[in-house]
Amino acid sequence: MNNNSIEQLLSFDKEHVWHPYASMTSPLPVYPVASARGVRLRLMDGTELIDGTSSWWSAIHGYNHPVLNRAIQNQLNNIAHVMFGGLTHKPAIELASLLVEITPHGLEKVFFCDSGSVAVEIAIKMAIQYWYASGKPEKNRLLTVKSGYHGDTFMAMSVCDPEGLHQMFGRVIPKQLFANAPATGYNEEWNEDEIKGMEQILHDHHHEIAAIILEPVLQGAGGMRFYSPQYVKRVHELSSKYNVLFIADEIATGFGRTGSLFACEKAGISPDIMCVGKAITGGYMSLAATIATKEVAKTISSGKDGAFMHGPTFMANPLACAVAVASIKLLLSMPWKRRVAEIEARLKEGLSHYSDMPEVAGVRALGAIGVIEMKEAVDLKSVQEKIIKLGVWLRPFGKVIYTMPPYIIQDHELDIIMDAMGRLAKG
Ligand SMILES: *Cc1c(COP(=O)(O)O)cnc(C)c1O
């Protein structure tokens with residue numbers, strides 16, 4: 001590989017580099033990115049694309065942001081990484097302090113890790129260890145809803161939609177308990193009957209359940225489904241009634257995406273354990289956190305094996321923590337709530353023009369999330385090239401053509417994204 005022409009790079013990539021959710025022998029084409037600024041990705045051949053995905057929902061401030069760049073550069077001059085066992089550092093402490101301050105009341109004890117899936121593993125380990133330390137080791141199963149997504153590692157897979165991505169692993173992952181997916185839409189009138197299935201499972205199985213895990217209000221990778229905050233509220237009430245912990249997976253919803261800083265706020269609840277990730281570093285580096293209440297932390301720590309047995313090598317990486325602190329401060333310093341509300345209004349208006357198309361099942365928007373749901377699954381292979389030709393970057397999945405743009409996107413850029421979504425829906 002001495003001559004790095006685009007073709008040579010791509011041919012090496014095709015031969016040797018595994019991409020997400022992809023075949024290694026017949027992969028779909030990939031497009032080499034050279035740089036990015038604001039909401040625009042620049043490919044190696046000079047093509048510019050308006051990014052409608054925030055790089056899997058994380059780059060909320062766009063790319064190459066001077067404030068975030070500076071935070072990493074400054075930290076790099078001090079230290080790039082140091083182990084977290086027996087040592088600590090200011091970026092981690094500052095980030096923990098911010099997270100305790102802005103997350104729902106009662107969440108106080110912060111455990112850092114390197115990705116969302118691992119944050120979910122940690123939350124589940126905490127829940128199981130909590131009951132172990134309470135003298136109830138039989139409470140070790142999980143209850144969740146269908147159509148969810150919580151990550152790709154093993155315990156996280158066990159609480160993903162059983163008919164989703166990970167079906168082939170069904171034999172080796174633990175069998176969890178699933179209620180039907182929430183059905184009442186975000187703004188629809190709540191029907192108390194909807195909670196009966198969940199309550200029945202709790203009634204029958206609470207003695208063996210450690211925790212309920214939910215993505216509050218937005219089921220993301222399971223289909224971009226927005227559902228009633230009342231559902232979250234009722235499940236949270238039931239979790240207390242039946243003595244199981246409540247884990248909120250806010251990895252997709254955290255940091256303003258749904259129009260609230262955290263989606264739990266819409267339901268007015270504080271979970272026992274919460275996972276955050278994705279947008280935490282503004283899309284710069286891999287970092288996530290699991291935050292627990294004092295009660296959860298105290299119980300785990302009081303058990304006879306009082307330590308919490310987890311500790312990734314790159315736990316609380318200082319560069320990642322420093323850029324997360326900068327990203328959260330930047331978010332809080334801008335009128336993010338107004339901007340996300342404006343994006344929601346524009347998405348609702350713009351996407352409504354496609355709702356009557358024969359191919360389209362429905363359109364919806366919540367916060368900075370816009371969705372066209374098709375009647376049939378979208379064939380990524382046939383639309384990917386078209387997406388590039390339209391000058392945008394989108395990544396439809398299943399029946400869903402969606403956008404989750406950076407909050408800094410301008411109105412005319414959002415219109416270009418929506419126009420592209422409409423053209424893709426036309427097929
Ligand atoms: C993306 C996501 C995860 C997994 O995070 P990774 O960083 O990809 O491991 C878990 N839960 C939810 C809700 C997510 O959206």
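The model is predicted, with local features requiring pLDDT of at least 70 and side-chain atom pairs pLDDT 80 or more, while totals for chains, interfaces and linings use all residues. Residues are numbered from 1 along each chain as its sequence is written, and side-chain values use heavy atoms, without hydrogens and water.

Helices are DSSP runs of H or I with at least four residues, strands runs of E with at least two, numbered from the N terminus. Just after helix 14, Gly427 adopts a positive phi of about 80 degrees.

Nine aromatic pairs are found in the whole structure, rings of Phe, Tyr and Trp (its six-membered ring) being paired if their centres lie within 6.5 Å, and classed as stacked with planes under 30 degrees apart, edge-to-face over 60 and tilted for the rest. Tyr21 and Trp56 form an edge-to-face pair, 6.3 Å centre to centre with 75 degrees between the planes. Because Tyr21 lies in the loop between helix 1 (6–16) and strand 1 (33–37), and Trp56 in helix 2 (residues 54–57), this pair ties together parts 35 residues apart in sequence. A further aromatic cluster is formed by Trp57, Phe397 and Tyr402.
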